[in-house]
Amino acid sequence: MRFTHLIFLLNFLMIISCKEEPYNLTRIEGKRIEINDSISPKQDIETFIEPYKNHIEKDLDSVIAYAMDTYTKSNGELNTAIGNFMVDVVYEQANPIFNSRAGKDIDMVLLNHGGIRSIIPKGNLRIRNVFELMPFENKIVVVALKGKQIDSMITYLSKAKRAHPFSKLKLTLDKNFEPISASIKGKTIDVNKTYYVATSDYLYNNGDNMRFFRPNDSLYDLNYKIRNALIDYLKKVDTINPVIDDRFIQIKK
Amino acid sequence: MKRRDFIQQATAGAALATLGGYGLQSFSAVRKKKITILHTNDVHSHITPFGPEDGRNANKGGVARRAALIDTIRKENPNSLLLDAGDIFQGTPYFNYYGGELEFKLMSKLKYDAATIGNHDFDNGINGLFTQLPHAEFDFLSANYDFSNTVMDTHTKPYKVFIKEGIKIGVFGLGIELKGLVDPMMFKETKYLDPIEITQDMTRILKTEEQCDLIICLSHLGYHYKNTPDKVSDLSLAAATSDIDLIIGGHTHTFLPKPTIVKNKDGHNMLVNQVGCYGIYLGQIDFYFDTNNNKSANGTSIIV
């Protein structure tokens, strides 16, 4: 009891004498430390990650379809088998969703050539291949565009001279890359008609300088990732055999 | 406040008393304290290190290595805080498969003290973020997102005060405007409030009411926007406000080789830091305090 009193007294004296001695910030030092292979990993963290990693690896390695050939984005001039595959799958997977929500059909699909991030190799197709082909989280959106805006799109595609993949649109250019004919689902484009164009949210937001998506009549977000559309499609089919066709060609004579 | 001071002083006194005469003699000497702030941002679900084949970041990053590094630093200075400036989610299949569960569990194992919310943390919708909260044993700090009409209501705090060896550290969080960046279907009724106005409230509360010795802003606003200088960023926020000692930033994936020294509204130097992305770097800022009044009269020296 008396000892406690002593401590209390000491404290009391100190408080009086310490009061004028606050801590002041005198120095700041800042740096960054690179995390690289010179640091050995903490074992229990690694052990904790392992089952998650193993599950993902196993799933990414699971075979979901078979590719009849190897398809690359450089194989083809204005349209490629791999690009045609992607847009045709987007149409097939997204149209029923759009139809059930909006009561209309998608008229065409447009993606971009730069968005094809990998090849489809011949043989067993694994989920990993789809993650490599489409590593981004882009979602499918449907934009309601007037025929006039479709004209801007055609001008863009003609000037780009690239195999930007599209589905349901057919475009033929002359030797100077000027459009000769264009049709959607086999019909000539009507400037007054509204077309429902499926694309990615990335392109809708001016990705690849595609400025023709604005202004528009309306936007439908299907909340469906392009990658998931590809995976869902591949799980549904046994084999894929996409081809280069005449949807986007140049008459060179 | 005064009572807390008393308790701390009493504890110190008790320790000194056991030392007898020495304690009282050494009392007049300069006493020092060091607070270490460790930080990451935009880790984007990078759990395992980049492989040896990676073009840009070969063999870099990795949560298990970060854990080992943090352990070493904490052993050296237990008065450390570990903070993250948002965009924890999205970027590897770990997020696609587990929705952020593993990211939060690992951050809890690494004993993160707090994080703020980045735009990509809404990638599975606000419900997707909410669903993963039980896996996070750390606080989410967000002062300028009003979540009151959403499932996140009451699950974030505007700020938190940490006390390390008697030093009070106030940390508050700021998020970027979601409109135009995140689909409204994802963030639902989250309201974005002006970061500069909110910061003025926060610094007043932390400095005047909470009497903090250090004020840290965890920001996902982005470092600086060259082409749109009017857009609020860490650099513009720093210059427009008072009393922040350190802004830990994110969003723009800016790899700062060293923290940037910025003059605040009152002309005082403060720091803005950001360590790029993907857990390739850990930021470390050490704040040294002492009781030497002469020294403090010369101001604070910043060594970066």
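**Note on the predicted model, chains A and B**

1. B:F172 has B:C217 in β9(B) as its bridge partner; strands here are DSSP E runs of at least two residues and helices are H or I runs of at least four, both numbered from the N terminus. This is a predicted model, in which local features need pLDDT of at least 70 and side-chain atom pairs count only at pLDDT 80 or more, while totals for chains, interfaces and linings use all residues. Residues are numbered from 1 along each chain as its sequence is written, and chains are lettered from A and ligands numbered from 1 in the order in which they are written.

2. Strands β7 (residues 167-174) and β9 (residues 214-219) of chain B pair in the parallel sense over 6 bridges, pairing being assigned where DSSP finds at least two bridges between two strands. They belong to an open, mixed sheet of 6 strands in chain B, ordered β6-β7-β9-β10-β12-β11. Because β6 (159-164) and β11 (260-263) of chain B stand at the edges with a single partner strand each, one side of each lacks a neighbour in the sheet.

3. In chain A, helix α3 (residues 81-102) has 22 residues and spans 30 Å from its first C-alpha to its last, close to the 32 Å expected at 1.5 Å a residue, where the expected span is 1.5 Å times one less than the number of residues. A kink of about 35° lies at A:A94, shortly before the proline A:P96; the bend is the angle between axes fitted to the seven residues ending at a residue and the seven starting there. Just after α3(A), A:G103 takes a positive phi of about 70°.
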